[in-house]
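Welcome to this guided tour. Open your viewer, get ready to select pieces by chain and residue number, and follow along stop by stop.

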Amino acid sequence: MRNVMKTAAGLALAIVLGMPAIAQDKLTIGIMVPTTGSEATYGQDMANAVNLAIGEINAAGGVLGKQLTSTVGDDGCDAQLAVNAASKLAASGVVGVVGGYCSGATIPTLKIYGDAKIPLIIPAANSTKLIPENPGNAFMINSTGNDQVAKAIEYFNGKGIKSIAIINQGDAYSQDLADLTKKNWEAAGNKVTNFEVTNKGEQDYSAVVTAITSANPDAVFWTAYYADGGLLIRQLRERGYQGLIAVGDGSNSPELFKIAGPAAEGVIAFSNPTAEFLPQAKAFADAYQKQFGAAPGPYSTLSYDAMKLLAWAINTAGTTDSAKVIETLQGANFTDTISGPISFTPEKTLARSNFVVLQGKGGAWTLAQ
Amino acid sequence: MAQFPERPSPWGGLGAILDTPAKRWTAIAVILVAMAAAPFVFGSYGTVILTNALLYVLLALGLNVVVGYAGLLDLGFAAFFAVGAYTVGISTLHFGLNFWLALPLAVLIAIIAGVVIGAPTLRLRSDYLAIVTLGFGEIVRITARNLRETGGASGLIGIDSPWLFGWHIRTPLDFYYVFCVLVILGVIASVRLANSRLGRAWLYVRHDEDAAEAMGIDRVRVKLAAYIVGAIYGSIGGAFFAANLGAISPESFSFRQSVLILMAVILGGMGKIPGVILGAFIVILAPELLRDFGDLRLLIFAVGLLLIMLFRPSGIWPVRSKR
Amino acid sequence: MTIFDIFTNQLLNGIVLGSFYALVALGYTMVFGVVKLLNFAHGELYMVGGFAGFLLLSFLAPYLGPGWFGVAVSMVLAMIAVGFLGVVIERVAYAPMLSAPRLSILITALAVSLVLQNGMLTLTKGQYVPFGAALGFGGVRLGSLFISYNQMVLVGVAGALMLGLELFVSRTQYGRAMRAIAVDKDMSRLMGINVNAVIAVTFFLGSALAAAAGTMAGAYYGSLWYFMGFLIGLKAFTAAVIGGIGSIPGAMLGGLILGLLESFGTQLPGVGSEWKDVFSFSVLILVLVFKPTGLLGKPEQERM
């Protein structure tokens with residue numbers, strides 16, 4: 001009995017003590033990404049990239065003469081955990097937050113950051129459903145699904161493709177992209193032969209592959225992430241599928257080639273520009289590889305850019321006052337990025353489509369001709 | 001030592017300490033004051049996670065009726081949670097229903113779901129029931145993911161927060177107090193159920209199903225009652241969860257969620273209300289308190305969980321029903 | 001492709017997938033039979049088995065090559081290693097709990113599963129790991145049906161392992177003891193059976209089979225992930241229950257049925273990949289409503 005009371009008292013005390021004391025001589029940046037659970041692969045990538053940017057900013061003298069430090073709020077790609085993480089970050093006095101990978105988990109946090117008046121830069125989550133929920137402090141630097149679909153359809157049309165199979169993974173991002181593609185593709189009078197959903201972590205896609213090869217569409221469009229995408233591409237090619245295979249921006253990672261092997265040769269990706277073929281991205285990829293021992297993931301460049309953008313906005317505003325920082329971000333025309341210049345629409349989404357078409361060649365992404 | 005073991009009290013031995021009305025009322029007063037004051041002590045982040053913990057207390061109280069009282073292993077409790085949340089979400093967003101009308105509708109639909117899935121399957125023995133409930137939970141989640149009416153994988157967004165007599169329940173602090181009230185009501189209902197005729201029937205069925213049936217207790221009906229009570233708790237929790245977050249998506253109702261609630265029930269000591277409350281607080285607060293350990297936090301949490309179970313195999317709250 | 005071609009292709013897909021489910025389901029069912037525990041950590045042993053096989057192969061590949069021979073040796077070693085891990089888990093986490101309420105052990109099992117999963121998350125930094133086997137693409141063509149040598153080896157090995165297990169349980173002294181304990185543990189102890197040793201053997205075998213499945217999956221599909229045990233654990237549990245939990249032939253049958261349900265469900269109009277899991281779970285519930293102990297399970301008296 002006493003022990004229980006003690007435990008309870010200890011827990012209560014720990015809550016109070018658990019609040020991190022933020023040192024005043026440093027500015028703290030919040031990073032909200034999933035670092036546990038099934039999405040940790042991507043979240044840890046993003047956190048790494050933000051920290052890489054912070055290291056470079058600090059080496060160059062910091063922000064407003066102060067060094068930056070970061071604190072990670074693990075959202076576990078879950079709405080509840082994300083609310084907890086956002087509340088913790090908001091209460092711990094961060095000057096800004098970079099984060100938002102899972103659209104579904106990001107949406108309920110917008111209100112929290114809005115109420116706390118904290119500038120939020122969202123590097124990855126790009127569901128069109130975030131836009132109406134934005135209280136005005138959040139900036140999406142990834143082009144939305146609409147832009148990606150436009151790019152994809154333009155490319156398919158250019159290749160004379162008439163029928164496609166669309167496969168998503170049943171999460172908010174890949175389903176949104178798949179639905180938008182289906183809607184626009186069919187509206188243009190084309191055919192969707194298969195609309196398939198796979199489970200994350202399912203290794204065997206043979207049944208889906210048979211369903212697709214029996215319908216034999218001109219192209220297959222995978223709207224989810226690289227890891228499972230790599231397996232699917234492999235199984236499609238092993239089963240003799242000859243048509244075009246295209247993937248969305250979640251699959252833009254050099255890791256795709258390690259998983260899919262030679263099957264990924266010629267695969268098309270619609271993505272923000274990144275990776276080895278851009279000189280500034282090359283330096284980033286090398287630094288990332290050196291520091292973390294792995295190739296950067298699909299959203300790491302955008303996360304890196306997001307951090308650079310936030311630091312720039314605070315420096316330019318000359319204060320950490322959130323209203324000024326948000327105002328600066330709204331008027332931003334920021335070019336010191338890997339993924340291309342950043343400026344925002346009145347809706348606080350990226351003002352231009354950052355999508356380019358990449359093609360897998362010799363185990364790396366290159367710009368498609 | 002008594003000759004016959006006493007009927008286990010849902011208070012799990014607290015009655016022995018709080019043996020006079022004066023002590024009891026003092027304890028209740030202290031708890032109420034502590035609940036009212038907590039947000040001001042712990043700040044905004046503390047309030048949010050305490051609200052979350054209270055939600056889990058409510059859900060765990062409901063699952064405790066199913067698992068702790070009636071002895072049915074339920075691995076799909078999140079399904080009822082989902083039914084509550086989605087009913088409120090859909091009926092307020094698509095049909096413009098007031099939250100307070102959507103709430104009883106959510107409970108009604110959860111009861112129907114409970115009967116539909118429970119009636120044919122509750123005669124199964126526990127381990128088979130476990131997989132049926134798991135399957136049911138997954139069916140609900142996948143259905144929510146696939147249908148466009150439920151917003152697909154993105155879920156429903158922009159669910160309005162409710163008004164109560166001119167009070168707009170909106171801020172985290174508002175919801176904290178709402179959940180405080182819900183938990184208090186939940187505890188009272190839970191205690192009264194445990195001491196009711198039905199509660200005694202559950203106890204009997206849990207200890208010896210066949211003997212209970214021989215004594216004229218309708219096994220399936222009694223179990224179904226427990227299942228329905230659980231569904232009511234789950235759907236109410238889900239309804240307020242939807243109103244609080246304003247956005248719901250299928251990911252919140254996964255197998256992991258069911259497991260977390262079950263963990264809360266068993267960890268604290270199932271069948272005992274203080275134990276269930278403690279369990280819910282631990283499964284929510286521990287991972288939060290471990291946030292500073294970054295991606296190691298779940299690992300540390302799991303090791304802690306293992307140690308707790310090894311040292312207190314019947315749950316943390318002590319079993320002293322025999323004294 | 002004609003309807004018949006699609007049918008034979010999906011049949012093959014279902015058998016291959018079902019073999020994996022069956023191998024993992026066997027561990028579930030054996031452990032359940034002997035200690036009445038739903039070992040929720042079992043799927044993680046599949047995952048750990050995959051990583052163990054990967055590590056061993058990366059050591060052995062320079063000597064044995066990355067083909068089936070290297071994979072086979074790695075698999076056997078991984079089976080032994082993970083088998084011992086299973087025994088250690090049983091000793092450390094489950095054995096002290098066997099007299100506790102049964103649901104408490106369930107939580108212990110969940111905790112073990114979280115430990116393994118998050119331990120691997122930390123070790124791999126969340127990355128996907130390419131397995132690095134080179135198995136070739138050869139095979140036999142029967143009409144429009146292409147059966148690769150890999151698929152044959154895979155199903156063959158799975159079948160051989162299951163047959164071996166069945167022989168072990170039905171012919172050996174340990175197997176007999178296992179069955180005796182499944183019927184009545186206390187009585188078996190009184191009859192002089194070393195219950196602890198038999199439980200250890202059960203965990204060893206179950207874990208080893210999961211490791212075999214994990215290594216083969218890694219080699220066949222090509223990559224590993226710290227979370228890969230979760231889904232298959234869930235599916236294998238389902239398979240074990242469809243077949244009748246506690247029954248070894250039941251687990252094999254259940255695995256095969258679930259594999260076929262999924263592959264044909266994906267192809268069925270009105271079901272498709274979107275609803276295939278709803279389809280399989282609905283079949284599961286129907287099976288249990290009409291046959292409450294699963295297809296091959298024996299009716300038994302048991303309480304929580």
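Which strands of chain A does α6(A) lie across? Before you look, two notes on reading the model. It is a predicted model, in which local features need pLDDT of at least 70, side-chain atom pairs count only at pLDDT 80 or more, and totals for chains, interfaces and linings use all residues. Residues are numbered from 1 along each chain as its sequence is written, while chains are lettered from A and ligands numbered from 1 in the order in which they are written.

**Stop 1: helices on a sheet in chain A**

Select α6(A), and you will find that this helix lies across β6 (163–168), β7 and β8 (219–222) of chain A. Helices here are DSSP runs of H or I with at least four residues, strands are runs of E with at least two, and both are numbered from the N terminus. α6(A) runs at about 160 degrees to β6(A); such angles run from 0 to 180 degrees between N-to-C directions, with axes being lines fitted to C-alpha atoms, for helices over the stretch in contact.

**Stop 2: the seven-strand sheet**

Show the whole sheet: it is open, has seven strands in the order β7-β6-β8-β9-β10-β11-β12 (chain A), and its pairing is mixed. Two strands pair if DSSP finds at least two bridges between them. β7 (191–197) and β12 (364–367) of chain A stand at the edges with a single partner strand each, so one side of each has no neighbour in the sheet. On average, neighbouring strands of this sheet are turned by 25 degrees against each other, direction ignored.

Zoom in on strand β10 (residues 268–271) of chain A. Ile268(A) and Phe270(A) point one way, Ala269(A) and Ser271(A) point the other way, and all are buried (20 or more other C-beta atoms within 10 Å of the residue's own, with C-beta atoms placed from the backbone). In a regular strand the side chains alternate between the two faces of the sheet.

What joins β10(A) to strand β9 (residues 244–247) of chain A? Two bridges do, and the strands run parallel. In β10(A), Ala269(A) is the bridge partner of Val247(A). Follow the chain from β9(A) through helix α9 (residues 255–260) of chain A to β10(A): this β-α-β crossover is right-handed, meaning that, with the strands pointing away from the viewer, the path from the first strand over the helix to the second runs clockwise.

Next comes strand β11 (residues 356–361) of chain A, which runs antiparallel to β10(A) and is joined to it by four bridges. Ile268(A) has Gln359(A) in β11(A) as its bridge partner. Gln359(A) also has a bridge partner in β12(A), Thr366(A), where β11(A) and β12(A) pair in the antiparallel sense over four bridges.

**Stop 3: the five-strand sheet**

Stay in chain A and find the open sheet of five strands in the order β2-β1-β3-β4-β5 (chain A), whose pairing is parallel. Here β2 and β5 (138–140) of chain A stand at the edges, each with a single partner strand, so one side of each is left without a neighbour in the sheet.

**Stop 4: where chains meet**

Show chains A and B together. Their contact takes 36 residues from chain A and 36 residues from chain B (two residues are in contact if their C-beta atoms, placed from the backbone, lie within 7 Å). α3(A) gives the largest share of chain A's side, seven residues.

Now show chains B and C, whose contact takes 39 residues from chain B and 38 residues from chain C. On chain B's side, the largest share, twelve residues, comes from α5(B).

**Stop 5: chain C**

Select strand β2 (residues 139–142) and strand β3 (residues 145–148) of chain C, which run antiparallel and are joined by four bridges. Val140(C) stands opposite Ile147(C) in β3(C). The hairpin of β2(C) and β3(C) has two residues between the strands, and Gly143(C) takes a positive phi near 60 degrees there.

Note on methods. Buried ≥ 20, exposed ≤ 12 C-beta atoms within 10 Å, placed from the backbone.
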